[in-house]
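Please keep the structure open as you read.

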Amino acid sequence: MREEDVERFRRDTPGTGEVIHLNNAGSALPPAQVTDAVLDYLREESRRGGYETAAAHTDRIQGVYHSVARFLGAEAGDISVTDSATRSWQAVFYALRFSPGEKILTCRSEYASNAIAYLQIARRTGAVVEVVGDDESGQLDVADLERRLDGTVRLIAITHVPTQGGLVNPAEEVGAIAERAGIPFLLDACQSAGQLDLDVRRLRCDALSGTGRKYVRGPRGTGFLYTHPRLRERIEPAMLDLHSATWTAPDAYEVAPDGRRFETWERNHGLVLGLGAAVDYALAIGLPAIEERVTTLAARLRADLARIPGVTVHDQGERKCGIVTFSVAGADATDVRNRLSASRINTSVSHRTSYQYDQEVRHLPDMVRSSVHYYNTEDELRALVDVVEKLA
């Protein structure tokens, strides 16, 4: 990615003139094109009426499905547009049926929200949650995954990129194993979508959930879901309405055959168009170029932080992404984040309660999480390192 391109992206992003934003894994700065798409729609809606504005923009709204499909290497009919990654993930998970003794296989780096859902269903149904071990690099051990496959495994569900570090789990290898075994594979791509070049055909997942607010650079309150037709044929959503199904007779209904079955009728169409604008912006740059820029910047930041005495970088895995987690000896992570914030540098804190499976083995402290994007610069990374050096 050329420096003049980065400068153009920064000009499109008003927030880069206000803060050094290294909290992209929390919520990235949107380009002006995204903000304008949302506000222009809402202004028109306020003048014209909600139903009338939606009808006038039917083609644009439907175009969002095609954009997200291109973004993921899917078909438009395989896409659902929701209000969050969590809602997307839950729409699939809670549609599955579990019997006593059936297993859910997940990863050690699994996120709290997903793990809580597993435990809830285990309590309700008698299903069993099994955590696959990590290999020597810290990523999911695919050999251990294969060893655990038997007739009782009902679901393989993992987080692609965890909240607590720059690890990228080997999702493609997991997808190949799941496909051969005929076991549904649910991939949480909340942190990877928008910073990594994703293709559901390579990933071979049955479902993939993502959010707009993180690396996609879309508005908060947006999410998306990919489902393979083979999965949709096997499950019915836990909740339906007149959008996800059609009331065909007083005592009958038909579920929508495509991704609409995981949606509900009411939505903020302005936010949907904002999500579409963000996806289109990323597609115009190209996901391979974004991934290369993000991973290069993050590797540089990791190396610079690791050279500071008293600073520990906690990222693992053979493959790493744009998230960099670290701790400063003798300093509370929240205090470090606050000191960075006082210098107009945005980061966040990864708390131990968000990764209990990982915490049980690694005994991690609360960590500062810095997450770079392609619009960040080396000078911005240097500014973070300078503050940390003074604290260490």
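This is a predicted model: local features need pLDDT of at least 70, side-chain atom pairs count only at pLDDT 80 or more; totals for chains, interfaces and linings use all residues.

Helix α12 (residues 287-306) lies across β11, β12 and β15 (367-371), with contact taken as heavy atoms within 4.5 Å. Its direction is about 10° to that of β12, where axes are lines fitted to C-alpha atoms, for helices over the stretch in contact, and angles run from 0 to 180 degrees between N-to-C directions.

Residues are numbered from 1 along each chain as its sequence is written, and side-chain values use heavy atoms, leaving out hydrogens and water.

The strands under discussion belong to an open sheet of four, ordered β11-β12-β15-β14 with antiparallel pairing; two strands pair if DSSP finds at least two bridges between them. At its edges are β11 (311-313) and β14 (348-350), each pairing on one side only. Neighbouring strands here are turned by 40° against each other on average, direction ignored. Look at β11 and β12 (residues 323-328): three bridges join these antiparallel strands, and V313 has F326 as its bridge partner in β12.

Now move to the open sheet of seven strands, which has mixed pairing and the order β2-β8-β7-β6-β5-β3-β4. Because β2 (79-82) and β4 (128-132) stand at the edges with a single partner strand each, one side of each has no neighbour in the sheet. The twist averages 20° from one strand to the next. Within this sheet, β5 (residues 153-159) runs parallel to β6 (residues 185-188), joined by four bridges. There, T159 stands opposite D188 in β6.

T159 also leads us to E110, whose side chain makes a polar contact of 2.2 Å with the T159 side chain. A polar contact is a pair of N or O atoms within 3.5 Å; within protein, one must be able to donate a hydrogen and the other to accept it, and residues adjacent in sequence count only if both atoms are side-chain atoms. Where does E110 sit? You will find E110 in the loop between β3 (103-107) and α6 (112-125). A second polar contact, of 2.9 Å, joins its side chain to that of T106.

Methods:
Helices (H or I, at least four residues) and strands (E, at least two) are DSSP runs, numbered from the N terminus.
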